[in-house]
Amino acid sequence: MQRTSRTLCLTTLLFAAGAALFFTKAAVIPYKVAYPVLLLSLFYLRLKPLIPVGAALLLSAVGDAAGAGGMFIPQMLFFALAHGAYMCYFLPQAQLAPRPFVWPVLTALLLFLFVCIVPRAADPAERAGVAVYGLVIAGMLYSALQYRGAYAAWFRLAALLFVFSDSVIAWGRFVAPVPCRTCAAQYLFYLFAVRAATLSDSPH
């Protein structure tokens with residue numbers, strides 16, 4: 001356990017260094033956006049109970065690399081697969097009866113998606129992709145809000161951060177420019193990734 005904690009600390013430090021590298025404009029490195037989450041994924045893939053979290057982080061890193069290469073639809077695909085992996089982690093410990101606040105939150109998200117975002121996607125393939133991706137991320141959010149395992153409140157906050165980060169990206173791409181969109185979205189995503197990963201490793 002102590003060795004695992006030391007490894008986690010080292011991995012988190014490397015993650016922080018990679019995140020700092022991303023926000024340093026002078027550092028011109030291909031696909032640098034993917035490195036921090038990739039480092040976290042390699043740690044969690046070593047631990048059997050946390051393989052879904054590791055897989056989700058790895059898929060997110062691949063999605064980041066695709067986005068950095070300008071491949072929007074592959075980026076959505078890998079992010080959707082990452083959400084599926086998170087659902088595999090949350091659902092086994094999810095409450096069956098919906099919590100009172102779940103449906104209002106999901107309704108607001110889906111209204112935002114199908115009223116504000118999907119109609120603005122001019123390309124039919126992107127429109128379909130955004131609609132499907134929105135349903136997947138809504139499923140991830142539902143599973144996180146229903147999760148009743150250790151640190152459930154923190155996981156719910158982390159999932160909401162992820163949804164807000166993607167909403168910033170979608171608004172900036174399809175509706176109107178968002179000042180510092182990339183930095184804001186990536187900061188929120190990195191915060192989600194490291195918080196979800198460290199909580200997953202916490203003793204239950």
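Helices α5 and α7 run roughly parallel to each other in this predicted model. The two helices, α5 spanning residues 102-117 and α7 spanning residues 152-174, pack at an angle of about 15°, and their axes lie 11 Å apart. The assignment as roughly parallel follows because the angle falls under 35 degrees. The crossing in which α5 passes α7 is left-handed.

On the α5 side, the contact is formed by V105, L109, F112, C116 and I117. The residues of α7 that meet them are L160, V163, S167, A170, W171 and F174. By residue class, this contact between α5 and α7 comprises ten nonpolar residues and one polar residue, with no charged residue.

Helix α7 also packs with helix α4, which covers residues 72-90; here the axes come within 13 Å and cross at roughly 165°. Helices α4 and α7 are therefore roughly antiparallel to each other, a class that applies to angles over 145 degrees. The α4 and α7 crossing is left-handed.

Helix α4 contributes F72, H83, Y86, Y89 and F90 to its contact with α7, while α7 contributes F155, F162, D166, R173 and F174. The residues of this contact divide into seven nonpolar, one polar and two charged. F174 of α7 takes part in the contact with α4 and is also among the α7 residues that meet α5.

Terms used: Residues numbered from 1 in each chain as written. Predicted model: local features only at pLDDT ≥ 70, side-chain atom pairs only at ≥ 80, totals over all residues. Heavy atoms only, no water. Axes fitted to C-alpha atoms, helices over the stretch in contact; angles between N-to-C directions. Helix = DSSP H or I, 4+ residues; strand = E, 2+ residues; numbered from the N terminus. Parallel < 35°, antiparallel > 145°, perpendicular 65-115°, else oblique. Left-handed = near helix turned anticlockwise from the far one by under 90°. Contact = heavy atoms within 4.5 Å. Nonpolar A, V, L, I, M, F, W, Y, C, P; charged D, E, K, R; others polar.
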